[in-house]
Amino acid sequence: MHRRCPHLLGRLFVWIAGGFGRKLPANPQTIVSMFWDQQIETMGRSALEQLQVKRLQATVRRVAKSVPFYQQKFAERGLKPGDLKSLEDLRRLPFTANADLRATYPKGLVAVPAEELARLHTSSGTTGKPKALFFSRKDVDNAAELIARCFVMTGCTRDDIFQNMMTYGLFTGALVMHYGAEKVGCLVIPAGPGNSEKQLLLMQDFRSTVLHITPSYALYFATYLESRGINPRKDLAIRKAFIGAEPYTEETRRKIEKALGVDVYNSYGLSEMNGPGVAFECEHKRGMHLWEDHYIAEIIDPQTSEPLPDGKRGELVLTTLCREAMPILRYRTRDITSVIAEPCPCGRTHRRLNRITGRSDDMLIVRGVNIYPQQIEQVLMAVPQVGRNYLIVLDGLDDMTVKVELAESGFDGRVEHLVGLQTEIVNRLRAEILTKPKVELVPPGTLPVSEGKAKRVVDNRRL
Ligand code: AMP
Ligand code: ZN
């Protein structure tokens, strides 16, 4: 077993619970509330907050000493590292914006000598300059450590065979998960995304049990399996899928779970914070535990930047507490979520984040109405005749067309037979987004698919 506990009694418990040193069965029903680092994961709130203050103070001292960007920001505010006495004082620190990281490309906001840098990632920014994100050796190891917590939290053991279907390379998604899975002791298959035929072969030949995949590729892959007549429950060994990297809805989760026969766990992260492993669902799947010994989360109003209380939805702001190479203070993630402060039945004390419902900069304004693509997805994925892909196209002055792929089953090849369905979708969408879009039903498998992050909106407006 790879669970660790510093105390002798704890070790004995872990050894007994771990089947006297034998490998645990991979059946998730028999494995509940396992911990990778029980002491930290179940630490009392006040001890956890004290630890946060201590680590925050150290982080602030480090950047005040060696990062010109923060030195200047502190000078503008007349702030000295010693001023930071409690978590309340966090608000006195400057925000770090996406633009700040782009502006410091390629050097990054590095806080250690060059010889201590161990790895470079860049963000998958869609426009303009990327962001350079550096890791020290310890950062690489810490990132893997957090992933190990996530894996074990969902019941993974070293018996698992982990097929990593995310993009390897400059993107953090695949590599960080890869290192974490190795730490747990899984057999790791670095498949990368795409080439569904090969993915299937790997799953069949090596009996993969856990997948890491984007929601859009998972939906596409489900269609591929269907077209090959594969029943994943019978023909494959896949049991879990870790899904993240882009927003998706509960309806999409259910669709993937049904089509692939897996338990889907929501996985949240961003390159600026080490990539995946920032927050992850436990077996209760009611929000994602954010590892608060490594990150401090705040929720703010994206317009006014004022803090919002627990439970209120707003922009997530994150501060790193353990990063050596590139600590980041109060990073404006632009991701919209809220904090669940109630204790979780799994026993972990680290608070949870609700599903990310979109990014503040994903918001579309159509005829004066604010719309998030996830609202549209939520409506579509709840309609049984709808397939697994959709595209929002904005044209002309302010015209919105939602192209909707139909499900394979029940489709007789003639979209003109589906006028009733089309009207129903228009009505459901209008009730959700308060404006009436055009809906175009298209045959299964005809909309573009992406192997990486999905592109859900094409905006051709002349505004
Ligand atoms: P990157 O830095 O390229 O890894 O992209 C990180 C961004 O992907 C985040 O800021 C989110 O907008 C998005 N993202 C990652 N994981 C999730 C998730 N589980 N749900 C929703 N959005 C996510
Ligand atoms: Zn939990």
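This is a predicted model: local features need pLDDT of at least 70, side-chain atom pairs count only at pLDDT 80 or more; totals for chains, interfaces and linings use all residues.
Residues are numbered from 1 along each chain as its sequence is written, chains are lettered from A and ligands numbered from 1 in the order in which they are written, and side-chain values use heavy atoms, with hydrogens and water left out.

**Exercise 1. Find the helix that holds glutamate 251, and work out whether this residue is buried or exposed.**

Step 1: Glutamate 251 sits in helix α11, residues 250-260. Helices are DSSP runs of H or I with at least four residues, strands are runs of E with at least two, and both are numbered from the N terminus.

Step 2: Its relative accessibility is 16%, so glutamate 251 counts as buried. Buried means under 20% relative accessible area, exposed over 50%, and partly exposed in between (1.4 Å probe, protein chains only).

Step 3: Skip the neighbours within four places in sequence, and glutamate 251 touches Gln378, Met381 and Ala382. Contact means heavy atoms within 4.5 Å.

**Exercise 2. Work out how enclosed α11 is.**

Step 1: List the buried residues of α11: Glu251, Thr252, Arg253, Lys255, Ile256, Glu257, Ala259 and Leu260.

Step 2: That makes 8 of the 11 residues, so α11 is largely enclosed by the rest of the structure.

Step 3: Look just past the helix, where glycine 261 has a positive phi of about 65 degrees.

**Exercise 3. Work out which residues of α9 and α11 make the contact between these helices.**

Step 1: Helix α9 covers residues 215-227, and its axis comes within 10 Å of that of α11, crossing at roughly 35 degrees. Axes are lines fitted to C-alpha atoms, for helices over the stretch in contact, with angles running from 0 to 180 degrees between N-to-C directions.

Step 2: α9 brings Pro215, Ala218, Leu219, Phe221, Ala222 and Leu225, while α11 brings Thr252, Lys255, Ile256, Ala259 and Leu260.

**Exercise 4. Give the strand order of the open sheet and find its edges.**

Step 1: The 4 strands run β10-β11-β12-β15, with antiparallel pairing. Two strands pair if DSSP finds at least two bridges between them.

Step 2: β10 (295-300) and β15 (358-359) each have a single partner strand, so one side of each lacks a neighbour in the sheet.

Step 3: β12 (residues 331-337) pairs with β15 over 2 bridges, and aspartate 335 stands opposite arginine 359 in β15.
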